[in-house]
Amino acid sequence: MKHELTRRSFIGGAGMLAATGALGMLAGCASGQAKGADAQNQSPAPATPDETRACDLVVVGAGASGLAACVEAAQRGAQVICVESQPQAGGNCIGVEGCFGIGSSMQRAIGVDVDPGATIRTELESSQLKVAGPGYVDMVHSSGENIDWLLENGVRFGGVDVDKGDVMVFHRFETGSGQDSYVAPMAAKAEELGVEFLFSAKAQSLVHENGGPVTGVVIDQDGTTMQVNAKAVILATGGFADNEEFMAEAGLDSTKRKQGGVPGHDGTGHIMAVEAGAASYRDHASFLCGDFVQGLPGYYENGKWSFMIGIAAPYALWVNEHGERFVNEDCPAKNIMLMYVPCMHNKSTHVIMDATMLEMYVAGDAATQAQLDDGLASGEIMKANTIEELAKAAGFDTTTFAATVDEYNGFAEAGSDRNYGKDPSLLMPLAQGPFYAIHIVGEVNTSVGSICTDRSFHAVDDNGDPIGGLYAVGTEGAMLWSDVYTISVSGGCNANNVNSARTAVRDALGVA
């Protein structure tokens with residue numbers, strides 16, 4: 001395992017996203033020129049490591065999927081080294097609230113019987129059948145056993161509910177916190193099983209023989225360069241939401257979003273994999289993303305003017321930078337992730353309310369009112385006595401905005417939205433001043449999908465052929481979503497974290 005470094009080529013580079021259903025369906029995976037452009041994002045690897053180590057498996061990333069890979073591999077007798085760029089384990093899992101599952105012991109105990117076929121159909125149709133079915137079949141049919149495996153390893157669930165969907169598949173963490181209920185027990189189990197964690201250790205490059213499999217990774221820890229050789233490398237690096245260049249290419253530059261989640265998701269895993277020959281599917285990025293008012297608390301900070309605008313105020317009017325309406329405002333009803341997708345086309349987006357709507361939204365809640373006052377003080381929420389004055393305050397074309405409001409009020413009076421088909425029961429006229437324009441941007445927690453993978457979560461090249469020794473799991477190798485994260489079946493992303501990790505480990509170790 002300890003080949004000299006000079007016999008190897010080191011991999012850097014970049015790219016962005018994968019979610020194709022590349023289980024043999026790789027149309028749209030990027031290559032060639034895109035890879036060349038991406039390569040500029042990675043610094044060249046050092047010529048000689050200060051130290052060389054060896055193990056069976058290297059797991060890069062200690063979030064939900066990385067920890068699952070560590071525990072699965074160690075339980076099967078593998079020697080595992082886990083490399084994590086941050087000072088502690090957890091990644092974005094610290095803010096996760098639960099996990100999808102069908103057929104778990106918890107569901108059986110309360111008499112819940114969910115049809116897996118109907119669930120898979122819902123998810124595939126929500127993605128316009130762009131993703132490959134076998135990946136969903138694997139994840140859904142393994143999900144109940146995966147929940148029970150988590151329970152056996154100390155993960156704490158408090159119950160089963162529907163969360164943001166309409167099927168009882170969401171296994172909610174006992175504390176409501178992934179940090180307490182998932183990360184802490186899984187990290188403890190991994191350490192108990194002998195997994196070695198290297199924290200504050202930044203992956204620099206993959207190692208492979210020319211034209212051969214990936215056989216290791218080069219890392220930097222506190223200025224010391226280490227090459228870790230292994231039978232396989234499992235990338236569990238959590239996406240690229242902290243990579244400003246990649247996010248801008250996806251239509252989510254810093255002027256249109258607040259970055260949520262925890263630090264460290266800079267696209268390193270994707271960068272290394274693409275330079276190693278992995279196919280990219282970045283043009284079909286999916287994001288866990290909602291609405292946010294700059295300067296006010298976000299969703300995970302009890303923000304009253306974040307995600308909730310799209311859910312609790314479907315009667316409001318949404319307009320772009322010109323003051324034009326652009327979508328049916330009840331669009332998040334079936335999928336909360338849809339509240340920001342149409343806004344990505346705009347230079348700016350505002351939610352418009354009149355006094356009656358605002359009173360309904362605040363509903364006497366002190367925290368909501370206090371945050372409203374803060375937004376008014378900062379100028380992110382504007383207030384005016386007339387529609388014309390509001391247009392000037394928000395920077396809309398006055399004539400265009402007035403015509404938009406008149407047309408919308410006409411639809412409300414007629415009980416029929418002849419432009420976007422909004423639910424008639426949610427059509428309310430903007431009639432009672434003062435009027436409000438609430439400036440929203442995206443609140444992005446993570447990217448979903450980055451590297452094209454096959455059914456065993458091998459990273460694959462442009463021909464769909466697996467790259468030996470290289471796996472991508474969790475959100476980095478997610479192939480179950482395309483363009484939009486379909487949260488109608490709640491907790492699917494975390495279920496994929498667990499299933500992809502366990503599947504990749506079994507394949508890497510050659511066990512059933």
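Predicted model: local features only at pLDDT ≥ 70, side-chain atom pairs only at ≥ 80, totals over all residues.
**Close-up 1. Asn 320 sits in a loop but is buried.** Look for Asn 320 in the loop between β15 (317–319) and β16 (349–353). Is Asn 320 buried or exposed? Its relative accessible area is 7%, which is under the 20% cut-off, so Asn 320 is buried.

**Close-up 2. Tyr 136 and Trp 481 meet edge-to-face.** Nine aromatic pairs turn up in a search of the whole structure. In the one shown here, the rings of Tyr 136 and Trp 481 lie 6.4 Å apart, centre to centre, with 80° between their planes. Tyr 136 belongs to helix α5, while Trp 481 is in the loop between β20 (466–472) and α14, so the pair ties together parts that are 345 residues apart in sequence. Tyr 136 is buried, at 1% relative accessible area, and Trp 481 is buried at 1% as well. Together with Tyr 485, these two residues form one aromatic cluster.

Close-up 3. How far apart are the end C-alpha atoms of helix α6 (residues 178–192)? They are 20 Å apart, which agrees with the 21 Å that 15 residues should span at 1.5 Å a residue. The buried residues of α6 include Tyr 182, Val 183, Met 186 and Lys 189. The helix's buried residues pack against α2 (64–75), α5 (133–152), β7 (170–173), β8 (196–198) and α14 (492–509). At the start of α6, a side-chain oxygen of Ser 177 comes to within 3.1 Å of the backbone nitrogen of Gln 179. Just after the helix, Gly 194 has a positive phi of about 95°.

**Close-up 4. Six strands make an open sheet.** Follow the strands in the order β8-β4-β3-β12-β20-β19; their pairing is mixed. At the edges are β8 and β19 (458–460), each pairing on one side only. From one strand to the next, the twist averages 30°. Strands β3 (residues 57–60) and β12 (residues 232–235) run parallel and are joined by four bridges. Val 59 has Ile 234 in β12 as its bridge partner.

Terms used
Residues numbered from 1 in each chain as written. Heavy atoms only, no water. Helix = DSSP H or I, 4+ residues; strand = E, 2+ residues; numbered from the N terminus. Buried < 20%, exposed > 50% of the residue type's maximum accessible area, 1.4 Å probe, protein only. Expected span 1.5 Å × (residues − 1). Contact = heavy atoms within 4.5 Å. Polar contact = N/O pair within 3.5 Å; in protein donor to acceptor, adjacent residues only side chain to side chain. Pairing = 2+ DSSP bridges. Axes fitted to C-alpha atoms, helices over the stretch in contact; angles between N-to-C directions. Phe/Tyr/Trp six-rings, centres within 6.5 Å; stacked < 30°, edge-to-face > 60°.
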